[in-house]
Amino acid sequence: MGEFKVHRVRFFDYMPSAIRTMAFNSQTERLAVARADGAVEIFNFNDNFFQEKVIPGQDGRAIEALCWVGHRLFSAGLNGEITEYDLENLRPQYTVDAYGGPIWTISSNSQGTQLAVGCEDGTVKIFAILEERIQFQRNLNRHKGRIISLCWHPSSAQIAAGMTDMITIYDAETGQATRRLLVDRAMGASKNKEVVVWSVGYLSDHTIISGDSAGKVQIWNGLTGTLVRTYLVTKWDVLVLSVSKDESSVIAGTSEGTVIQFQFISSTLDQHDKEWVRTRTFRNHSHDVSALAHTDTAVVSGGMDTQLVVRPLLDKVEKNTQESALRKIAFPHRSLVGCAKKAGLLLFQFPDRLELWKLGESEGHGEQHTHTHTLGEDHICCSALSACGGWLAYSTVSSVRLYRIHVMISVSSSLQVPKLPKELRSVHQLCFSSDSSKLFASSCQSSVIVVAVSQQECRYLHTLKHKTVSTMLYRLHLLCASDDGKWLATANTDCEIHIYNLHKMKLHCMVPVYNSCPTTIAIHPVTNNLISVHADQQIFEFSLVQKEYTQWSRRLQTQGLLSLWLERDTPITHITFNPKNPDHIILHDTYMFCIIDQSLPFPELNAVLWNQMTLKNLPVSQRIGQSHAFKICKIFQHLMCVSLLEDLSLVVVERPLLDIMSQLPAPVRQKKFAT
């Protein structure tokens, strides 16, 4: 495997933000997740749950609800605004003030023609969904007290609204309240305490399902306004409900961290007289479950403990398969660490700031010095650090900043480059050339802006484009330049990889499209072969000179990757190479790093991926029998970056080995109302 000096870095204390709400689009199999810092993440459930897009947050933006309408995504929050997002440029496209105070909930009708929002002032406001915007239509009859939850009837004729101590059914056309369902308060000492209806569901047969702050899930007959059944599921709050597409199952999330499933089934063998029955309880969270999505095959949940949990329903999937495995997504599916290999500097990207660290001695002697860049109200999209450590660049949704870095023995300082080319506006990805003379920035429609950087000026050079421009929803999410300065590789979320010749400033070739999104790409410094790893864990090697897959890559695809590799549930986020041994490819995900030795045979499909520390303790005869190309090391946790410096010492950046849960407050029993 090789011996390295190791810098084990444990001071990148990145903490994901709590999950506030989510919305699942069954047409595109995309899940939108909103976090407490205002960021919105898009996961592709058709591609191994890959996090393909992140819309950065903003100070003061608090998202309470999300809603898909076809391919369009809307949010509403306590700032009183409705926002539609530009999913190509990853930013808010426009905002509309509802003029009703803080907005607690948003929902669209089944036809996708209208949005309804519930406001602090007690109004339900209807907006028409136009081709490029939304437009206010009317208010439904005003109610005293805030509207906390909403749900349209599938016919779009009625709306059920949850509020304090009550559920109101509105006629969506006239705006009149047709029925009011009074919600029972809790018993005992809590009898005088108001009950908040946090979530409602409205089914085709006019059944209404509600979850409230008294810990109850209640089933109502919406036609007669009568209560059918009450389930007391927790001592605290039922915060959220989600109904399956076929309306045969409902899940409820509580402030105790549990998710409870109810199914519409018959208790007799003849399948007559179906009723709602509590069937399962899932315990995958330590704190409030504030967001749920019920897909055809799984329960998706998130909340205060920051983790996105995908819990397959075993009656909907084949058992003992990859599809039946529980998944917990804790960290971003992209690298948040930049490494200046020649200078021994590390750049840590947080949502609202950047930290620049200088490494000490690998034996533990010396000091680390940090320089922090605190940003404005817009959170960061992407950042890059040049290999020489002299340049730092980052982008928000509104601007790009470039800094000249001066690192001395005990301090570091930075000087912002005041004038940037007008072409260099908000971008999605940034990357420096290996000699630090050029900055590459991905722009709209999969184009790349090339900028020359020097002590004297920052000058626009060229825009790299390819002929077959992707559709509006696909953008570049990966950039990689070769060490010799000749090649630039780009990848977009349409699974396309393009190679540009930087000497000629034009497209060189396009890698054959594989049907899974690349999670990381890198160009070998010796062979100039492109290594790409995809969301489904497949690995490819493509020769830039020959414009075809290499023989090694063809052999790998012919034999196939072993099942233990393919069943991993975290994507590879970084690739680097060992200049001392060109046969070594070093890559990592969140929980392991791997050295692939191209000079060794591939493992058998049913082989065991031994941890190298375990393999080292085996007898020599057994070790020889386990000798194959994939060398796995699992002594680390929460890996954020593994990279080789110019002196061939290995930098391993880990998130501090602290339990994420220990950094959270005690479970929140009540959501805080707007003041």
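Asp-165 lies in the loop that runs between β15 (158-163) and β16 (166-171). Its phi is near 65°, a positive value in a residue other than glycine.

## Basis of the model

This is a predicted model, in which local features need pLDDT of at least 70 and side-chain atom pairs count only at pLDDT 80 or more, while totals for chains, interfaces and linings use all residues. Residues are numbered from 1 along each chain as its sequence is written, and side-chain values use heavy atoms, with hydrogens and water left out.

## Overall composition

The protein chain contains four helices and 55 strands; helices (H or I, at least four residues) and strands (E, at least two) are DSSP runs numbered from the N terminus. Of the 675 residues in the protein chain, 59% are buried. The chain exposes about 28600 Å², and carbon and sulfur atoms supply 49% of that area; accessible areas come from the Shrake-Rupley method with a 1.4 Å probe, and for residues only the protein chains shown count as cover.

Contacts (heavy atoms within 4.5 Å) were also examined by sequence separation. Among those between residues at least 6 apart in sequence, 49% join residues at least 24 apart.

An open sheet is formed by four strands in the order β46-β47-β48-β49, with antiparallel pairing; two strands pair if DSSP finds at least two bridges between them. Its edge strands, each pairing on one side only, are β46 (518-523) and β49 (548-549). Strand β48 (residues 539-543) pairs with β49 in the antiparallel sense over two bridges, and Tyr-549 in β49 is the bridge partner of Phe-542. Helix α1 (residues 551-559) packs on the sheet and touches β48 and β49, its direction making about 155° with that of β48. Axes are lines fitted to C-alpha atoms, for helices over the stretch in contact, and angles run from 0 to 180 degrees between N-to-C directions.

The loop between β48 and β49 holds Lys-547. Lys-547 has a positive phi of about 60° although it is not a glycine, and it is partly exposed, with a relative accessible area of 44%.

## Aromatic pairs

A search of the whole structure finds 16 aromatic pairs. Rings of Phe, Tyr and Trp (its six-membered ring) pair if their centres lie within 6.5 Å; planes under 30 degrees apart count as stacked, over 60 as edge-to-face and the rest as tilted. One of the pairs joins Tyr-394 and Tyr-403, which are stacked at 6.2 Å centre to centre with 15° between the planes. Both of these tyrosines are buried.

Phe-540 and Tyr-549 have ring centres 5.4 Å apart and planes at 35°, so this pair is tilted. Phe-540 is buried at 7% relative accessibility, and Tyr-549 is buried with a relative accessible area of 18%. Elsewhere, ring pairs link Phe-11, Phe-12, Tyr-14, Phe-348, Phe-350 and Trp-357 into a cluster.

## A buried histidine and its polar contact

His-584 is placed in strand β51 (residues 584-588) and counts as buried at 7% relative accessibility. The side chain of His-584 makes a polar contact with the side chain of Asp-597 (3.4 Å). A polar contact is a pair of N or O atoms within 3.5 Å; within protein, one must be able to donate a hydrogen and the other to accept it, and residues adjacent in sequence count only if both atoms are side-chain atoms.

Definitions and conventions
Buried < 20%, exposed > 50% of the residue type's maximum accessible area, 1.4 Å probe, protein only.
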